[in-house]
Structure formats: C-alpha cells, structure tokens
Amino acid sequence: MMAERARVGVLISGTGSNMAALLYASQAPDCPYEIVLVASNNPDAPGLALAHGEGVATFAQPHKGLKRAEYDAIIDAELTRHGVEYVALAGYMRLLSDTFVEKWQGRCLNIHPSLLPAHKGLDVHEAVLEAGENVTGCTVHLVTPELDDGPILGQTRVAVLSGDTPASLANRVHYAEHQLYARVLADLVRAERAPEALLGRVRTLALALPAAEEKRSHGAPGFFVRGGKFFAYFQQNHHGDDITALLVKASGVEEQAQLIENDPDRYYRPAYLGASGWVGIRLDTGTTDWAHIEDWLNRSWRASAPKRLALLPF
Ligand code: GRF
C-alpha cells in the first residue's frame, strides 16, 4: 500500500511563483506531499488562476473589513475543510494571529528572500545592496508568532553581482527559492513520517500515562504499566512485513474483527498477539489521527493497569 501524500495548503497574496514551484515539484512520483488548496486574501492574485488551471482547489477572501482573528478563522476553516496538514506561506502578505500560528505550530512554513536572521521584513534586496553584501539568499523556516523568526529548516546562498539592482537580485533569489521550498517541504514531510519520528510520537503519548514505562519486548519497543502489563507495542518492519504500526488491546476478538472489517487499510490482526484481542493500527498510511491514537493508548492502558491505577481519573 502506498502511503497517502501529505496534504498541503498554500497561502499567497501575489504572483505565486513559489506556490507554482511547490505544485510542479509535487508531480514527481516520489514527492511525499500534494497541494490540495491555494488560498489568497487577494482575489486577483495571478497564482489563483494558475492553481485553478492545474486543477487545484482555490479560495479567495479579501481581508477588508475583517478583524485579523476573524479573517484567520475563515482561512483556518477552509484549510481544515480540505484536510490540510501543512500550511506553506508563499508571498502571503499578512501577519497571522497568534491563535492561527499556535494551531499550526510546527506545520506552517514560510519562505523569506534573505539569509535569515539577516534582513527580516520587507524591501530585503534594497537592504542587501545598501549594506554592500556580496552574498544573500533565501530561507525556509517554521512560522512562530514573531515575524520572520522561527526555526530555520533550510537556506540557499545567492551571490550578489556587481551591477545588481533590487529587481535583478530578486529575480535570481527567486530561482533559488523555487528549488529550496519544494525540497525543504518534502524533507520535512519525509522526516515526520520516518519510523523514528512515529516512535517518538507514540513514546511521548504512552509515557504520559500514569506509571507507564518502556522496555523492549521481542525486539520491539513496548510500553507497560508498572505493576501491570504491557499496553502497547511499536512495530517496525516486523518479520520484514514493511509495516510501521502500533499494537493495542481491543476489548476482544469481536471488536478486533469489526475494526479490521470497517477499515482494513488501517487495522490488522497482529501475528502472535492476535488471538488475545490485540489489534494493529498502521501508522504509515499518511492519514494517522493522533488524537485517536492517544484515545487507543488510554483505553489499552486502562485495560492493562492494576485496578487501583485504572480507576484514577485523568
Ligand atoms: C518571495 O520572494 C518570498 O520569499 C516572499 O515573497 C515573495 C513571493 O513571491 N515571502 P512569489 O509570489 O512566490 O512569486
């Protein structure tokens, strides 16, 4: 089974050449993301027509007359409606509200035409030329409440040439941007889908449960309740099956069978533990609902904890 590609929404205000670069890069057969929505605060943004012409859903909503938080709630609703998992800002000329930034923290990227932290804000190329610098470039970073701040995911250096004008420099930096953005976005998606990253997420959720501890069991990371039993196992390529999954305890074989019947791409009957009602939940489909995984871990924990712990409210 091929994993679903990560769903990306792009926000633009203008030309949208970076959006176009992301879109065309996504045609590569091994690209781990797809563009599912292009939204803009400017209904005349040329990028909207391009995206529409390529069969991508578009959304335009002028911001005039709307408070920032109201406006961002509209955009957020649209992103959510399209099942967007990552937001790429590409020449989106609006500051985002803290609520929006917090909600998308770690999954919202921006591209900026300088080697950050140098030259934040606008009129970057003018500033580079004025400062007499001989190297500039572009940066892709995660978005945090502070403008053009946030962890840097990648940068490309671009030489400043004698005789450069802001326009000629902007033009060359654009070439670099188009390569960088698509690569960094693909790398981020791949890294977050790597088994080690999935194990990290499972571990954080599992060890947050009372008296939970980890130890290896038959070569796989297992999670158990002190004084109780195992409540989850993380499996990766178990006996070469090429599956990354979480095993948790269903209420019995009936529920296990029901889950598999309803969603056979996600649930399966694990070898060895299947007879005792454990169920495998695949984490490599590209459509993992982590709130749901958290619920499963809680349930499985309760079924495995000693009575005095299982009755604790949490
Ligand atoms: C790019 O230079 C980007 O770094 C900046 O805005 C510009 C957008 O250009 N944030 P385009 O609309 O992608 O062509």
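**Entry 1: a charge and a ring**

Over the ring of which residue does the charged end of Lys215 sit? I looked this up in the model, which is a predicted one. The ring belongs to Phe224, and the charged end of Lys215 is 4.6 Å from its centre. I then noted Arg94, whose charged end sits over the ring of Tyr71. Here the distance to the ring centre is 4.7 Å.

**Entry 2: the chain as a whole**

I stepped back to the protein chain. It has 10 helices and 13 strands. Along the principal axes, its C-alpha atoms fill a box of roughly 75 × 40 × 40 Å. The chain has 314 residues, and 47% of them are buried. I also looked up the contacts with a separation of 6 or more, and 59% of these join residues 24 or more positions apart.

**Entry 3: aromatic rings**

I went back to the rings. A pair of aromatic rings is described by how far apart the centres are and by the angle of the planes. I found four aromatic pairs listed for the structure. In the pair of Phe230 and Tyr233, the ring centres are 5.1 Å apart and the planes stand at 25°, so I wrote this pair down as stacked. The cut-off for that word is an angle under 30 degrees. Both Phe230 and Tyr233 are buried.

Which residues form the aromatic cluster with Phe230 and Tyr233? I noted Phe224 and Trp278 as the other members. Phe224 is the residue from my first entry, with the charged end of Lys215 over its ring.

Next I checked Ser217, which is in strand β8, residues 212–217. Ser217 touches Phe230 and Tyr233, leaving aside residues up to four places away in sequence. Its relative accessible area is 14%, so I recorded Ser217 as buried.

**Entry 4: two helices**

I looked at helix α6 (residues 166–193) and helix α7 (residues 195–207). Their axes come within 4 Å and cross at roughly 60°. The two helices are therefore oblique to each other. On the α6 side I listed Ala191, Glu192 and Arg193, which meet Pro195, Ala197 and Leu198 of α7. Sorted by class, this contact has four nonpolar residues, two charged ones and no polar ones.

**Entry 5: two buried strand residues**

Is Thr136 buried or exposed? I found a relative accessible area of 2%, so Thr136 is buried. Thr136 belongs to strand β6, residues 135–142. Leaving aside residues up to four places away in sequence, I found several residues that Thr136 touches, among them Pro113, Val128, Arg157 and Leu169.

Leu109 is in strand β5. Its relative accessible area is 0%, so Leu109 is buried as well. Between Leu109 and Val140 there are 31 residues' separation in sequence and 6.8 Å in space, C-alpha to C-alpha. Val140 is also one of the residues that Leu109 touches, when residues up to four places away in sequence are not counted. Others that Leu109 touches include Val87, Leu153, Tyr181 and Leu188.

**Entry 6: backbone angles**

I turned to the backbone. Most peptide bonds are trans, and most residues other than glycine have a negative phi. The peptide bond from Leu116 to Pro117 is cis, with omega near 10°. Pro117 lies in the loop between β5 (108–112) and α5 (124–130).

Which residues did I note for a positive phi? Asp148 has phi near 50°, a positive value in a residue other than glycine. His239 also has a positive phi near 50°, and His239 is not a glycine either.

I compared where they sit. Asp148 is in the loop between β6 and β7 (152–159), and His239 is in the loop between β10 (230–236) and β11 (244–249). With a relative accessible area of 9%, Asp148 is buried. His239 is exposed, with a relative accessible area of 64%.

How far apart are the C-alpha atoms of His239 and Ala271? I noted a separation of 9.8 Å for these two residues, which are 32 residues apart along the chain.

Methods: Residues are numbered from 1 along each chain as its sequence is written. This is a predicted model: local features need pLDDT of at least 70, side-chain atom pairs count only at pLDDT 80 or more; totals for chains, interfaces and linings use all residues. Side-chain values use heavy atoms; hydrogens and water are left out. Rings of Phe, Tyr and Trp (its six-membered ring) pair if their centres lie within 6.5 Å; planes under 30 degrees apart count as stacked, over 60 as edge-to-face and the rest as tilted. Buried means under 20% relative accessible area, exposed over 50%, partly exposed in between (1.4 Å probe, protein chains only). A charge sits over a ring if NZ of Lys or CZ of Arg is within 6 Å of the ring centre and within 35 degrees of the ring normal. Contact means heavy atoms within 4.5 Å. Axes are lines fitted to C-alpha atoms, for helices over the stretch in contact, and angles run from 0 to 180 degrees between N-to-C directions. Angles under 35 degrees count as roughly parallel, over 145 as roughly antiparallel, 65 to 115 as roughly perpendicular and the rest as oblique. Ala, Val, Leu, Ile, Met, Phe, Trp, Tyr, Cys and Pro count as nonpolar, Asp, Glu, Lys and Arg as charged, and the others, Gly among them, as polar.
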